[in-house]
Amino acid sequence: VPLAWFERARQAFKQRNLPATYFSASGAGFVIDDCELLAEREGDLVEALQNGKIEDLGFDSPRHVAGPRSDWRTETFVWPRKGLFYLGVDEELSGLSELLRLAFAIARGILDIRYGIAYELPLDRSPGSYAFGRSRNTLAQIQAIFEARRKGTRRMTSGELWSDELTGRKRHLSGFFGGAFPASILSESHIRASDLISRPVGKLSPLGSSLWLWELSDSELCLAAERLQEMGVLVTGTNRW
């Protein structure tokens, strides 16, 4: 993780009066356990970042009345080797397009940005896990999954397909979509694959070199999803194990 990413992310937190409180990091010969206080370990972390020892890094600002750490106001995580970057902000603090622009500003020139999505989920649905195709299942849901798999009727959920895509074929980096979202960052290959220039849906705005911000209203989300399905560029359709 480059030191520049840490500095940009911290500055973004400060500008919103959200001091980064807790953090976790790991890398070659360097591990900091979860829930370390940044104020107490910032020197160690900065030194490790300067020496290129950190492979993944995350920090957050919990609510003032938070019980579990997951009750945050702002949370971010980056894992450059796997091409993953997540930024979560309380919906009262930022709109989705603004949030995606902020994430782009933090990562621009540091990470190889080719695709990004923005969405809203309540904290108890674990928004960060959703970004990586993970979900929280009850014991009954887990038992149903194993029973269906035993019978050969198990179908992968859209989240599971997205998780496989992130760690496997990674077609989302070259024109495929994780779905239709209120705001997305698209590359030129996404624009061509979805035919958004000649048959526009929603609003496209230039974001950077060969990158676009794609914004969809609530009424346009279904139409956009149908377009992506029609063009065969969705990675989150149904499939069997």
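Val235 is found in the loop that runs between helix H8 and strand E11, the latter covering residues 239-240. In this predicted model, Val235 counts as buried, because its relative accessibility is 4%, a value under the 20% limit that defines a buried residue. When neighbours within four places in sequence are left aside, the residues in contact with Val235 are Leu161, Trp162, Glu165, Arg171, Phe176, Phe177 and Gly178. A further relation across the sequence concerns Gly179, which is 56 residues from Val235 along the chain, while the C-alpha atoms of these two residues are separated by 7.7 Å.

The chain contains eight helices and eleven strands, and 41% of the 241 residues in the protein are buried. Of the contacts in the protein with a separation of 6 or more, 60% are accounted for by residues 24 or more positions apart. The accessible surface of the protein comes to about 13100 Å², and 49% of this surface belongs to carbon and sulfur atoms.

Not counting residues up to four places away in sequence, Phe6 touches Leu38, Glu42, Leu45, Val46, Leu49, Leu57 and Phe59.

On the surface, Glu91, Glu92, Glu120 and Asp218 gather in a patch of negative charge. Asp218, a member of this patch, lies in helix H8, which covers residues 218-231. With a relative accessible area of 70%, Asp218 is exposed, since exposed residues are those with over 50% relative accessible area. Helix H8 thus carries Asp218, and the loop between H8 and strand E11 holds the buried Val235 described above.

Backbone geometry was considered last. Most residues other than glycine have a negative phi. Asp195 has a phi near 60°, a positive value in a residue other than glycine, and Ser210, although it is not a glycine, has a positive phi of about 65°. Asp195 is found in the loop between helix H7, residues 188-194, and strand E9, residues 203-208, whereas Ser210 is found in the loop between E9 and strand E10, the latter covering residues 211-215. Asp195 counts as partly exposed at 23% relative accessibility, and Ser210 counts as partly exposed at 43%, because this class takes in values between the 20% limit for buried residues and the 50% limit for exposed residues.

Key. Residues numbered from 1 in each chain as written. Predicted model: local features only at pLDDT ≥ 70, side-chain atom pairs only at ≥ 80, totals over all residues. Heavy atoms only, no water. Patch = residues over 30% accessible without salt bridge, like charges linked within 9 Å, V, L, I, M, F, W, Y side chains within 5 Å. Areas by Shrake-Rupley, 256 points an atom, 1.4 Å probe, with all protein chains shown as cover. Salt bridge = Lys/Arg side-chain N within 4 Å of Asp/Glu carboxyl O. Lys, Arg positive; Asp, Glu negative; His and termini not counted. Charge placed at Lys NZ, Arg CZ, Asp CG, Glu CD. Helix = DSSP H or I, 4+ residues; strand = E, 2+ residues; numbered from the N terminus. Buried < 20%, exposed > 50% of the residue type's maximum accessible area, 1.4 Å probe, protein only. Contact = heavy atoms within 4.5 Å.
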